[in-house]
Amino acid sequence: LLSRNKINLLLDSQSHNHIMEPQNNTPVHWNFEKILLSHNFLNKPIEGFNEADTAYIKDCIELNFNKILNGGVHPDSKISKLMNLFMKLSIHNALKLPNQIEAIAKEYITMIQEFYTKNKEKYEWMSRFMLLAHYVMMGLFLKENWLGKSFLYHDADHRLKKEGEEKLKKIGMEERIKKRIEDPTDYDALMEEVLGYKLKDESLSKYTFKYIKSEEVILQKSPDMLEYLTVDGEEIFRKLSYINLFIILKEYTKNIDNILGDHKFISTQLWRARLNFLHNKILNEKFTSLQQSVHQDYDQFFEKTKELFKDDVEILVTLKVEYGNV
């Protein structure tokens, strides 16, 4: 969390800074990038989407996974359906990682490349969707490992909820029981629509939100996975959750510019810096070669964007505070 006083002090100093000159060639998706970069800290309007998609994107920004990973919550949002498909495919590939990381990672990137290229003409917001998907995956990893509450503790909450429902039934107040919204989407059919093919020997119906947050998925690990994330001889914490998802996310971040081609984002360096910072943070010893790449990416991002924040000094300041903490 950011200190409001610290931000105000930096804003005062920025108000006397005259390096910000008018910029006529603002990247086409820069406004959307700023919203995700700052987690919409300043409640900027989300433009370029219909009402249903905007509501879903707000849930994504707030990392409300009960709504993000249930396509039935936003029945009129196409982005919601595609995000759920994207996450199911990502988890499907993540679970195949343990003994063939390089092959599965390559297969996953090829699939995501097709996901984008086959639909970018159909949906003008497709490139923004790809960045939003990156944001959601990183958010899921952060939520389980740092932000909490862990999905693994939800069983106790579920039991308490059931007990409460039973009490309501006994006193004849069933109408107060909150009904779960089911997702009616056929994701195997949607996959065929989006990619032109289905999974060979499996159905995507397996990858429900309940399964994604299960112990089987969250705690999966193997010696090869631990070795893959080792840096300068330093291993990651073995109790880390969603190691499989983190590997997929690393591969996605490394390849996102190639996937998007001419529609690449200006903020890619900052997302890479954030991810490498997290990678460094989960190692037993923090002083690794990752630190240098983190600093380089932050510095290059700020140099590249110093004129683009002319109308959003507040967001620049929050990112500067973030870098100071890093």
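Predicted model: local features only at pLDDT ≥ 70, side-chain atom pairs only at ≥ 80, totals over all residues.
Residues are numbered from 1 along each chain as its sequence is written, and side-chain values use heavy atoms, without hydrogens or water. Local features need pLDDT of at least 70 and side-chain atom pairs count only at pLDDT 80 or more, while totals for chains, interfaces and linings use all residues.

Helix α2 spans residues 30–37. Helices here are DSSP runs (H or I, at least four residues), numbered from the N terminus. Seven of the eight residues of α2 are buried, so the helix is largely enclosed by the rest of the structure. Buried means under 20% relative accessible area, computed with a 1.4 Å probe on protein chains only. The buried residues of α2 include Trp 30, Glu 33 and Lys 34. Their packing partners are α3 (51–61), α7, α14, α15 and α16, where contact means heavy atoms within 4.5 Å. Just after α2, His 39 takes a positive phi of about 55 degrees.

The whole structure holds 18 aromatic pairs. Rings of Phe, Tyr and Trp (its six-membered ring) pair if their centres lie within 6.5 Å; planes under 30 degrees apart count as stacked, over 60 as edge-to-face and the rest as tilted. Tyr 123 and Trp 125 are stacked, because their ring centres are 4.8 Å apart and their planes lie at 20 degrees. Both Tyr 123 and Trp 125 are buried. Phe 302 and Tyr 323 form a tilted pair, with 5.9 Å between centres and 40 degrees between planes. Phe 302 lies in helix α15 (residues 290–305) and Tyr 323 in helix α16 (residues 313–325), so this pair ties together parts 21 residues apart in sequence. Phe 302 and Tyr 323 are both buried.

Lys 88 lies over the face of Tyr 187, 4.7 Å from the ring centre. The charged end of Arg 274 sits over the ring of Trp 271, at 4.9 Å from its centre.

A cavity is a set of points on a 1 Å grid over the protein atoms alone where a 1.4 Å probe fits but cannot get out; lining residues have an atom within 4 Å of a point. One cavity of 30 Å³ or more is found. The largest cavity holds about 40 Å³ of space, the volume being that filled by probe spheres set on points joined across faces, edges and corners. Helices α7 (126–147), α13 (243–260) and α14 (268–281) each supply at least two lining residues.

Conventions:
1 Å grid on protein atoms, 1.4 Å probe; cavity = no way out; pocket = protein on both sides within 12 Å on 5 of 7 lines; lining within 4 Å. Buried < 20%, exposed > 50% of the residue type's maximum accessible area, 1.4 Å probe, protein only. Lys NZ or Arg CZ within 6 Å of the ring centre and 35° of its normal.
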